[in-house]
Amino acid sequence: MKPLRKLSIVLLMLTLILAACGESGGQKASSTEDGQGSGEKVKLSIWHNFSGDDLRAKTVRGIIDQFAKDNPNVELDAQAIPPDGYRQRLSTVAAGNELPDIFFVYAGSQSAELFKAGLLQPITDIAEQHKDWKEKFLPGAFEPYEFEPNQIYSAPIGMSATSILYYNTALFQKYNVKVPETWDELMAAVKVFNDNKITPIALGNKAPWVAQSTILGTLADHVTGTEWFKNAAAQKGAKFTDPEFVEALGYFKQLVDSKAFQDGANSIDNTQAEQYFVQGNAAMMISGAWTLTNLAASASEEQLKDIDVTVMPSIPGGKGEAKTISGGAGGGMALSKRTEGAAKEAALKLIYAISGPEAQKAIAESNSMVMYDTDIDQSKVSSLYYKAFNLVKKTAITPVYDAYLSADAAEVINNGLQEIMTGASPESIAKKLQEAQARSVTP
Amino acid sequence: MSTALRSKGFIALALLPALILFLIFVIVPIFWSAYYGFFEWKGLGSAKFIGFGNYNEIIHDRIFWNALLNNLLLVASAIVGQIPVALLLALVLRRNTLFSKFIRSAVFMPMVLSTVVVGLIWGYIYHPQFGLANFVLEAVGLESWTRAWLSEPHINMLAITVPINWSNIGPYMVIYIAALQNIPSEIGDAAAIDGAKGWRKLISVTLPMIWSTVVVTLVLCISGSLKAFDHVIVMTNGGPAHSTELLATYMYNNTFHVYRYGYGSAVSTVIMLVSAILIAVNYAVTRRRNA
């Protein structure tokens with residue numbers, strides 16, 4: 001009995017292992033055959049991270065499904081990978097040179113590294129086929145994807161606006177607080193809400209990029225100005241140990257010290273913080289446009305009608321422009337260097353289907369910001385999103401920190417903000433960030 | 001050909017597939033990873049040979065030492081919190097009555113849950129605003145004890161040991177019950193005739209009889225605690241500010257978040273060395289006591 005059972009377990013494991021081997025072998029074979037056989041079925045693989053249940057993910061998946069239906073000669077293998085593990089999955093297959101034909105890339109260091117490793121090819125052909133398409137993108141849309149002059153390697157199908165100030169109008173009215181436009185007003189609001197046992201600002205910083213991406217980016221830009229940040233990121237004539245950056249971190253510490261965030265903000269995630277905020281436990285939340293998408297999917301219209309959006313308050317004597325939002329072009333679809341011939345033609349067609357004018361409008365109407373000049377139908381989107389869409393349209397965009405920092409330095413500042421929240425001094429964090437960025441700029 | 005030889009040959013042949021898999025997927029990667037540890041490599045593009053640079057950096061990295069300390073804390077908590085509790089439960093529940101079968105299943109239950117589920121459940125139990133832990137403390141009048149369990153440095157690592165111990169006691173209990181049931185009943189009778197009962201019997205008869213099992217569980221315990229990863233990734237992701245970083249999460253973050261594959265490989269090699277040393281120490285200690 002026992003040996004038999006053991007044997008059957010071993011056999012089962014062997015089968016699983018062999019099955020796994022077989023699958024990856026099959027995939028490899030399919031992509032090498034792509035180049036030949038133009039009249040026959042074209043095999044095309046696409047990886048993206050629109051795996052969720054939210055409207056935007058459904059919209060993009062719908063576009064891909066439609067493409068598969070309209071092009072019966074294309075055998076499409078579409079993989080939706082959950083966003084949390086997407087970067088790692090992509091890096092892993094990139095390291096093994098086994099990238100799919102088309103894949104979603106984030107703007108910033110990851111796509112730049114893929115380009116440097118020679119794994120991408122430009123999609124400029126699309127822009128030549130559809131002349132007016134490229135011009136309708138908002139300024140700066142292609143900045144992260146122009147690795148070479150006059151060549152684009154991807155087209156953003158989203159826009160990241162990372163520092164919108166969400167606030168609960170009912171709570172502001174109840175305690176008679178003015179929606180803060182300056183730092184002093186913000187501090188006054190924090191005090192009033194704390195006195196009434198309401199969390200002033202909800203923050204879910206367990207994944208430590210949140211505080212950096214949503215709060216520090218805009219806060220620091222208001223203090224230092226964009227020019228200084230770009231210089232410091234390039235380590236040309238500015239350093240993160242400069243007094244203006246230490247001052248910016250000081251403002252963040254001031255928020256922490258005045259108990260602006262709820263207890264244990266470092267151990268709950270962003271979604272939990274969104275829920276906490278939308279249930280009326282917190283008066284404000286500084287978060288990105290993704291919160292619009294999440295709230296549209298999960299909160300009731302009753303809860304949403306109390307929520308309004310604005311920009312973060314200005315800093316007295318700050319060098320940066322006031323009333324800005326940190327953000328930039330979102331991710332887009334990129335094309336693998338190994339895809340050639342008929343597969344490449346089909347791939348370019350699919351990329352256009354996902355990032356062309358109709359797709360951009362559809363994505364914008366799925367409560368998600370785009371970098372494309374399009375008009376949306378107010379009746380199709382949530383009221384909160386419509387407010388935010390118009391807010392972002394008329395607001396200047398400033399850089400997000402981790403889009404310009406090296407992966408190493410981004411990790412340092414992310415953890416550094418958590419350290420400030422547990423008592424570290426701004427000076428020490430500024431010093432660590434400077435060291436990390438200097439190390440990666442001058443290897 | 002004698003049957004003994006033939007069966008030896010058959011054993012070797014039967015072991016071969018498993019051995020080959022083991023070699024390819026365990027032994028060879030260990031050496032590969034030690035080799036990658038000598039390079040500065042981002043995972044993409046070309047690698048640069050830097051000799052012992054990565055290993056040198058590890059030794060001087062405060063976060064690495066903190067992670068090692070956290071791992072040792074896990075080892076200590078596992079040895080103190082899992083082995084004795086599992087042994088005690090096994091002694092109490094070794095009879096096959098319906099009641100003890102029920103309790104046994106209850107203790108084993110967390111093991112059936114995926115560690116991700118365990119991590120999520122305990123993440124909610126420890127939730128700073130509406131977690132069960134704080135709620136219970138408030139209900140019994142211990143408001144001053146409530147805290148943000150997973151984000152306060154110094155406390156969060158201890159908080160994490162609880163679910164890890166909770167979910168690991170079950171299998172050790174089952175192993176001990178099996179060992180206890182394998183003790184021949186004559187030995188128990190003989191001990192009874194000699195007048196040994198209670199503690200005396202446990203220490204002089206039962207424990208020595210299952211000592212080899214205890215040694216095995218100790219090894220499992222130590223190696224399990226050194227490669228601990230999943231609970232922490234789900235509950236805190238090594239944060240805040242690296243305060244709950246373990247060797248494995250430190251390696252993972254460096255490799256897959258910061259894209260320092262060479263450095264991550266070096267860290268994993270160090271993890272293997274540390275584990276080997278600890279397990280060697282464990283063998284030395286338990287063998288001497290056995291003799």
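This is a predicted model: local features need pLDDT of at least 70, side-chain atom pairs count only at pLDDT 80 or more; totals for chains, interfaces and linings use all residues.
1. Interface, polar contacts. Across the interface of chain A and chain B, 7 residue pairs are in polar contact, counting pairs with both residues at pLDDT 80 or more. The number of salt bridges found across the interface of chain A and chain B is 0. The side of chain A that touches chain B draws at least two residues from each of α1 (2–32), α3 (83–95), α4 (109–116), α12 (270–278) and α19 (407–421). Sorted by class, that side of chain A has 10 nonpolar, 12 polar and 8 charged residues.

2. Interface, extent. On chain A, 30 residues are in contact with 29 residues of chain B. The size of an interface is often given as the accessible area lost when the parts come together. Here chain A and chain B bury about 2,500 Å² between them, with 60% of that area on carbon and sulfur atoms.

3. Nonpolar cores. In soluble globular proteins, nonpolar side chains tend to be buried together. The largest nonpolar core in this model has 86 residues, and A:F103 and A:L114 touch the most other members of it. Helix α15 (residues 341–355) of chain A gives the most to this core, namely 8 residues. There is also a second, separate core of 57 residues, with A:A220, A:F261, A:I420 and A:A424 among its members.

4. A:L114. What does A:L114 touch, leaving out residues up to four places away in sequence? Within chain A, the residues are A:L90, A:A94, A:L99, A:F103, A:V105, A:L119 and A:L120. A:L114 also touches B:L44, a residue of chain B.

5. Chain B. The secondary structure of chain B consists of 14 helices and 2 strands. Its C-alpha trace spans about 75 × 70 × 30 Å along the principal axes. Chain B has 291 residues, and 43% of them count as buried. Among contacts in chain B with a separation of 6 or more, 68% are between residues 24 or more positions apart.

6. A:K178 lies in the loop between α7 (169–174) and α8 (183–195) of chain A. Is A:K178 buried, partly exposed or exposed? It counts as partly exposed, because its relative accessibility is 48%. Its contacts, apart from residues up to four places away in sequence, are A:F172 and A:E185. With A:E185 it forms a salt bridge, the closest N and O atoms being 3.1 Å apart. A:E185 is partly exposed as well, at a relative accessible area of 25%.

7. Other salt bridges. Over all chains, the structure holds 12 salt bridges. One of them joins the side chains of A:R439 and A:D408 (3.0 Å, N to O). This pair links distant parts of the chain, with A:R439 in helix α20 (residues 426–441) and A:D408 in helix α19, 31 residues apart. A:R439 is partly exposed, with a relative accessible area of 45%, whereas A:D408 is buried, at 16%. Another salt bridge joins the side chains of A:E435 and A:K431 (3.8 Å, N to O). A:E435 and A:K431 are 4 residues apart in helix α20 of chain A, so about one helical turn separates them. Elsewhere, A:K361, A:E365 and A:K380 are linked in a network of salt bridges.

8. A:N367. This residue is in the loop between α16 (357–364) and α17 (383–393) of chain A. A:N367 counts as buried because its relative accessibility is 4%, and the cut-off for buried is under 20%. A polar atom of the A:N367 side chain lies 3.1 Å from the backbone nitrogen of A:S382. Neighbours within four places in sequence aside, A:N367 is in contact with A:L55, A:L292, A:T293, A:A296, A:V381, A:S382 and A:Y385.

9. A:T224. Helix α9 (residues 209–224) of chain A holds A:T224. With a relative accessible area of 5%, A:T224 is buried. Not counting residues up to four places away in sequence, A:T224 touches A:E244, A:F245, A:K319 and A:G320.

Note on methods
Residues are numbered from 1 along each chain as its sequence is written. Chains are lettered from A and ligands numbered from 1 in the order in which they are written. Side-chain values use heavy atoms; hydrogens and water are left out. Buried means under 20% relative accessible area, exposed over 50%, partly exposed in between (1.4 Å probe, protein chains only). Contact means heavy atoms within 4.5 Å. Buried area is the accessible area (1.4 Å probe) that two parts lose on being put together, summed over both. A salt bridge is a side-chain nitrogen of Lys or Arg within 4 Å of a carboxyl oxygen of Asp or Glu. A polar contact is a pair of N or O atoms within 3.5 Å; within protein, one must be able to donate a hydrogen and the other to accept it, and residues adjacent in sequence count only if both atoms are side-chain atoms. Ala, Val, Leu, Ile, Met, Phe, Trp, Tyr, Cys and Pro count as nonpolar, Asp, Glu, Lys and Arg as charged, and the others, Gly among them, as polar. A nonpolar core is a set of buried Ala, Val, Leu, Ile, Met, Phe, Trp, Tyr and Cys residues joined through side-chain atoms within 4.5 Å.
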